[in-house]
Amino acid sequence: MFAPLQNDSFLRACLRQPTEHTPVWLMRQAGRYLAEYRETRAKAGSFMGLATNTAFATEVTLQPLERYALDAAILFSDILTVPDAMGLGLSFAIGEGPRFAHPVRDEADVARLAVPDMDKLRYVFDAVGSIRKALETTTDAQGRRVGRVPLIGFSGSPWTLACYMVEGAGSDDYRLVKTMMYRRPDLMHRILEINADAVALYLNTQIEAGAQAVMVFDSWGGVLADGAFQEFSLAYNRRVLKQLKREHAGARIPHIVFTKGGGLWLEQIAQGVDGVAPDVIGLDWTMNLGLARRLTGDRVALQGNLDPNVLFAAPEQIRAEATKVLESFGAPRNAQGGWGGHVFNLGHGISQHTPPEAVSVLVDTVHEVSRRIRAGG
């Protein structure tokens, strides 16, 4: 149904296969730091107006690829579309972030929750198919149409969705969701069960629509205590992974899990259960990449992990910090003759205040230096 890829370095790195350079993409790479994004959002009238319009969502997904030599595109959407489809009433106020009109606070609220009908999220799947087609903009040496780069689909993790669902918005202290977790763990587990099954179905439907890799954003997993993380976050990420398609249309679909603040549990995240583990673990900037590689022993690929604020430095400092990350991971081929996988990214989403020219410096540096490392120079 779709054309083959011209640049599959991202997928190969996810699966720990040889690549000519370290692939790079950025969380929130389509966003407010780009003037063209701001113009499109103004036309759409709101964030949800942008995300629910197939043409606009396609346009903003491709915008960063027109500026930068990125190795992957990521679907333009939001991590909270699933609870919105459950009827919680998602909205975005300028400068305030996401908010739910109907937060989940008691037994009656929990009893009303159910895995949503995926038709309510048809706008997401339509965007996935549209973006895949729009990425087919070049031809190979034989004149055949090819896709520029792979498309990543995503969702929030069961725990992260639960945080927003119970708090009703973002939170500084997670008081409401943690109160429910400790006072009524039965209710919290019920929310997480429903969320996990909904996320798995949602991501599988994205895969069927054309997503070539999928990512689970466990943005708030790191706010949990040791022990609570394993019970309320990790267990449900595993429940998602167990249900996800590993292949579709003859192609392997990599699975990425990013737990912000999750370096403490890196080995447990990589370990998996019953043969089910992520292909790639995303790391924030607090974790040393070389240490992470040693701890995981190249059993998984790693994604990350430059501090996003490095992009406010001078070009020579951006180059130096990006080089440190690449050198920390080292040559992809290990001493045993096998391959490790590294996907370069920021340790969290790019800031809306980032100078666009800084991204050019970063992407060009990653490609140039990673080729040099592979050449032994």
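In this predicted model, helix H13 (residues 289-296) lies across strands S12 and S13 and runs at about 165° to S12.

Strand S12 (residues 301-306) and strand S13 run parallel and are joined by 5 bridges. Within this pair, Gln-303 stands opposite Val-343 of S13. Both strands belong to an open sheet of 7 strands, whose order is S1-S6-S7-S10-S11-S12-S13 and whose pairing is parallel. The edges of the sheet are taken by strand S1 (73-74) and strand S13 (342-346); each has a single partner strand, so one side of each is left without a neighbour in the sheet. In general, the strands of a sheet pair through backbone hydrogen bonds, in either a parallel or an antiparallel manner.

**Helix H8**

A further element to consider is helix H8. Because 10 of the 10 residues of H8 (residues 158-167) are buried, the helix is largely enclosed by the rest of the structure. The cut-off for this term is a relative accessible area under 20%. The buried residues of H8 include Trp-159, Leu-161, Tyr-164, Met-165 and Val-166. Among them are also Thr-160 and Glu-167. After H8 comes Gly-168, which has a positive phi, near 90°.

| Largest pocket | about 1200 Å³ | 39 residues | 21 nonpolar, 13 polar and 5 charged residues |

The largest pocket has a volume of about 1200 Å³. Of its 39 lining residues, Arg-28, Arg-32, Phe-47, Asp-78 and Phe-92 are the closest to its centre. Two or more residues of this lining come from each of helix H2 (35-44), strand S2 (90-93) and strand S3 (97-100).

Terms used: Residues are numbered from 1 along each chain as its sequence is written. This is a predicted model: local features need pLDDT of at least 70, side-chain atom pairs count only at pLDDT 80 or more; totals for chains, interfaces and linings use all residues. Side-chain values use heavy atoms; hydrogens and water are left out. Buried means under 20% relative accessible area, exposed over 50%, partly exposed in between (1.4 Å probe, protein chains only). Helices (H or I, at least four residues) and strands (E, at least two) are DSSP runs, numbered from the N terminus. Two strands pair if DSSP finds at least two bridges between them. Contact means heavy atoms within 4.5 Å. Axes are lines fitted to C-alpha atoms, for helices over the stretch in contact, and angles run from 0 to 180 degrees between N-to-C directions. On a 1 Å grid over the protein atoms alone, a cavity is a set of points where a 1.4 Å probe fits but cannot get out, and a pocket is an open set with protein on both sides within 12 Å along at least five of seven lines; lining residues have an atom within 4 Å of a point. Grid points are joined across faces, edges and corners, and a volume is the space filled by probe spheres set on the points. Ala, Val, Leu, Ile, Met, Phe, Trp, Tyr, Cys and Pro count as nonpolar, Asp, Glu, Lys and Arg as charged, and the others, Gly among them, as polar.
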